[in-house]
Amino acid sequence: MSEIPKRTQVTIIGGGPAGSLLAHLLHLEGIESVILELRTRQHVLERVRAGVIEHGSAEVLREAGLGNRMDQEGFIHEGVNLAFDERLIRIDFMGLVGKYVIIYGQTELQKDLYQAIETGIIPLVDEAVGIEIHDVGGDRPSISFLRQGNRHALDCDFVVGCDGVHGITRDYIPKSLVQSFERTYPFVWVGVLSSSPPVADELIYANHETGFALCSMRNKQLSRYYVQGSADDQIEDWPDDRFWEALKTRLPQGVSERLVTGPTIEKLVTPLHSWVAEPMSFRRLFLAGDAAHVVPPTGAKGLNLAISDVVYLAEALADHYRTGSMTGLDSYSKAALARVWRAVRFSWWMTTMMHDFSGMADDFDRRLQRTELEYLAASENARRAMAEGYVGPSV
Ligand code: FAD
Ligand code: DHB
């Protein structure tokens, strides 16, 4: 980072997918921004996370000039599969709603975003620590922070919190105005990135009496698998042998017979919870992505919500700088939350249908779970509703 600016139009706190895409979209509208990121660039680029890009998100990325590598190296998936009782139900997205999703790792998307930021010469200040926002309720907010021991100040018109679930920006919305909604699930996902060919061409979400499993992928030689673990499980509780054994048990035999195991490149344990903080704005501060809401990963929605939030926000900021109007910015929170809640509902529905809630659920819940899966197997309308939820709305 050559010189850290002292003034900009929009300060973006957090340089993950939400923050870096917002900076790029603003740049396309001729609006200046500065990104302040806590971690090093390398750390952000190496994080392994999401894999599913919704149809509408893919269109946004293409329109923003970010689709080339996604279209060359990503995989179009026209359906997903649900497994239970040795059966596979295919949800045919293309046939049912005429849309698809793209399998393209968040790690790759983050590279494309940082490349665009470099090309646009958008200042990205990494290792920015101790960020404080001043005068957030006034017309001229400012930010102070430390980098490599030196204190810096940045004046701006607007501040956007894209600093994820552990961020600090949402604490600047007065507590008396905030309402939080939360649901914690009594289990975790244990995820593995493995250098082995994927077990199937499409994703498989499996419901089994011993727990949930998910087969995903990154490319023809790189598989991504997840299994449900207990709420207090740590990585050490899941040596490779245990992981592969659990995965095999939870898949239909016809699938598990084809499973090729391989060296584990990365392993993580991730909790499942849903959490939404309303509103997503206060005066000149706006929140986007995981800074404002988190969903369990079952519906593959988190990254896609980060993308749709910043599309709404970039449009509202562009309208403001064009016309001076605050109308779009004032309605940002309401518009974004309408979409967020649809994703929260979908993620809750898929999580509830696919996981083992033993200890929490009774026989009544188990019968309902089974009935839901049977309904999907039997009814094209039910499958269409799931397809619509999975591929997501237009952005
Ligand atoms: P983040 O990616 O968390 O970025 C926030 C950034 O802010 C980080 O770079 C962080 O270092 C920085 N930051 C934090 N605190 C500060 C601070 N104080 N000051 C400055 N910077 C700060 N989503 C999907 O859509 N599809 C999927 O298939 C999917 N699968 C997932 C699988 C797993 C295992 C996990 C963990 C998540 C998955 N998600 C998925 C969710 C998705 O990864 C997140 O929703 C997405 O990363 C949100 O982007 P974001 O930019 O809002 O937040
Ligand atoms: C992946 C992650 C998810 O949460 C999901 O629902 C589907 C795929 C993945 O990492 O590939």
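Predicted model: local features only at pLDDT ≥ 70, side-chain atom pairs only at ≥ 80, totals over all residues.

Let me begin with strand β12, which spans residues 158-161. In a regular strand the side chains alternate between the two faces of the sheet. In β12, F158 and V160 point to one side while V159 and G161 point to the other, and with all four of these residues buried, both faces of the strand are covered. As for its partners, β12 pairs in the parallel sense with strand β1, residues 10-13, over four bridges, and within that pairing I13 stands opposite G161. Strand β19, residues 285-287, also runs parallel to β12 and is joined to it by three bridges, with L285 as the bridge partner of V159.

Now to ligand 2, which has 14 residues around it, and among these Y205, S216, R218, Y226 and P297 come nearest. Which atoms make the polar approaches? A polar side-chain atom of Y205 lies 2.7 Å from an oxygen atom of the ligand, and a polar side-chain atom of R218 lies 2.8 Å from an oxygen atom of ligand 2, whereas T298 contributes a backbone N or O atom, at 3.4 Å from an oxygen atom of the ligand. Taken on its own, ligand 2 has 290 Å² of accessible area, and the protein covers 96% of that. The elements that give two or more residues to the shell are β15, residues 213-219, and β16, residues 222-230, and the largest share, three residues, comes from β15.

Finally, the backbone. Most residues other than glycine have a negative phi, and most peptide bonds are trans. Against that background, E278 and P279 are joined by a cis peptide bond, with omega at about 0°, and P279 sits in the loop between β17, residues 264-278, and β18, residues 281-282. In the loop between β18 and β19 we find R283, which is not a glycine and yet has a positive phi of about 50°. I121, likewise not a glycine, has a positive phi of about 50°, and it belongs to the loop between α6, residues 106-119, and β8, residues 124-125.

Are these two residues buried or exposed? I121 is exposed, with a relative accessible area of 71%, and R283 also counts as exposed, at 54% relative accessibility.

How values were computed: Residues numbered from 1 in each chain as written. Chains lettered and ligands numbered in written order. Heavy atoms only, no water. Buried < 20%, exposed > 50% of the residue type's maximum accessible area, 1.4 Å probe, protein only. Pairing = 2+ DSSP bridges. Near = heavy atom within 4 Å. Polar contact = N/O pair within 3.5 Å; in protein donor to acceptor, adjacent residues only side chain to side chain. Areas by Shrake-Rupley, 256 points an atom, 1.4 Å probe, with all protein chains shown as cover.
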